[in-house]
Amino acid sequence: MKILFADNYHSMSRKAANIISAQLILNPHSVLGLPTGSSPIGTYQQLIEWYRKGDLDFSGCHTVNLDEYVGLAARDSQSYAWFMHQNLFSQINIDPANTHLPDGTQTDAAAECQRYNDLIHKLGGVDLQFLGIGPNGHIGFNEPGSAFEKETHCVALTESTIQANARFFASSDQVPTHAYTMGMKAIMQARKILLIASGAAKAGILYDALFGPITPQVPGSIVQLHPDITVVADQDALSVILSRQPQQVSGRTPC
Ligand code: GLP
């Protein structure tokens, strides 16, 4: 595991975007696993900027997103499909047919999860899985207690996740109660993982995920077992790790 230091959110975003760019340059046909949330927005902005400068080409790649709210259509402004359209896909030269998310409008959960698993397998799995981490350690929407061996499944969101994500909705009672999420099994099968974290609110959970016991109670903790994971986090998110495991943190140079 490599843990790279970033001064702030902007620097974290640039370092993460550099790693994604390297992946795309080395393999233009990469399958990228993508997250939503506040954490990756800066990375997506940086990738868009480099694309506009002519440094990046997304025409050959595929994307698979981690998750989608059950009940929301892609055109719903709160859906993750809409988030991805607004924050990345509409601003780069990716073929919309190559962008994939679970379909939140599908009511047959088993069939939709099977379709998404089959799609990921058909694409040959994920080359680079980009991840954020939720305040309770969730990855995608794999909430505490989710079995590590699961593939795409339907989850009931915990109250703390509903409250954490309420900031994107008019009120917390508008946050969907369920989501389709890639499971930890598919995430762990990605060839590389890039995990980002920003802000003091993530400092405790980032320490627990990277240095605590590996347990379904902290879903992100399983990434400790991945053979090729890079973590990029800002100073605030690294504060607990820097106080207890400073020798594990590298990359204190600008990027
Ligand atoms: C949501 C997403 C996760 C994301 C998490 C953290 O719950 N399903 O994939 O990692 O939020 O979001 P943020 O980056 O806004 O803290």
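**A bridge pair and its surroundings**

Analyst: Let's start with glutamate 68, whose bridge partner is tyrosine 180 in S8. This is a predicted model, in which local features need pLDDT of at least 70 and side-chain atom pairs count only at pLDDT 80 or more, while totals for chains, interfaces and linings use all residues. Residues are numbered from 1 along each chain as its sequence is written, and side-chain values use heavy atoms, leaving out hydrogens and water.

The bridge belongs to the antiparallel pairing of S4 with strand S8 (residues 178-181), which has three bridges. Strands here are DSSP runs of E with at least two residues, numbered from the N terminus, and two of them pair if DSSP finds at least two bridges between them. Three strands make up this open antiparallel sheet, ordered S4-S8-S7. Its edges are strand S4 (67-69) and S7, each pairing on one side only. From one strand to the next, the twist averages 25°, taken between N-to-C directions of lines fitted to C-alpha atoms, on a scale from 0 to 180 degrees.

Now to the ligand. It is surrounded by 15 residues, and the closest are Ser38, Ser39, Asp67, Arg167 and Lys202; a residue is near if one of its heavy atoms lies within 4 Å. A polar side-chain atom of arginine 167 sits 2.6 Å from a ligand oxygen, and one of asparagine 165 sits 3.2 Å from a ligand oxygen. Serine 38 uses a polar backbone atom instead, 2.7 Å from an oxygen of the ligand. Such polar contacts are pairs of N or O atoms within 3.5 Å. The ligand exposes 390 Å² when taken alone, and the protein buries 95% of that; these areas come from the Shrake-Rupley method with a 1.4 Å probe.

Lys202 leads us on to glycine 134, which touches Lys202 and Ile205, leaving aside residues up to four places away in sequence; contact means heavy atoms within 4.5 Å. Glycine 134 lies in the loop between strand S6 (128-131) and strand S7 (153-156). Glycine 134 counts as buried because its relative accessibility is 6%, and the cut-off for buried is under 20%.

Finally, look at S6. S6 pairs in parallel with strand S2 (residues 31-34) through two bridges and with strand S9 (residues 192-197) through four, also in the parallel sense. Leucine 32 stands opposite leucine 128, whereas leucine 131 has leucine 195 in S9 as its bridge partner.

Definitions and conventions. Buried < 20%, exposed > 50% of the residue type's maximum accessible area, 1.4 Å probe, protein only. Polar contact = N/O pair within 3.5 Å; in protein donor to acceptor, adjacent residues only side chain to side chain.
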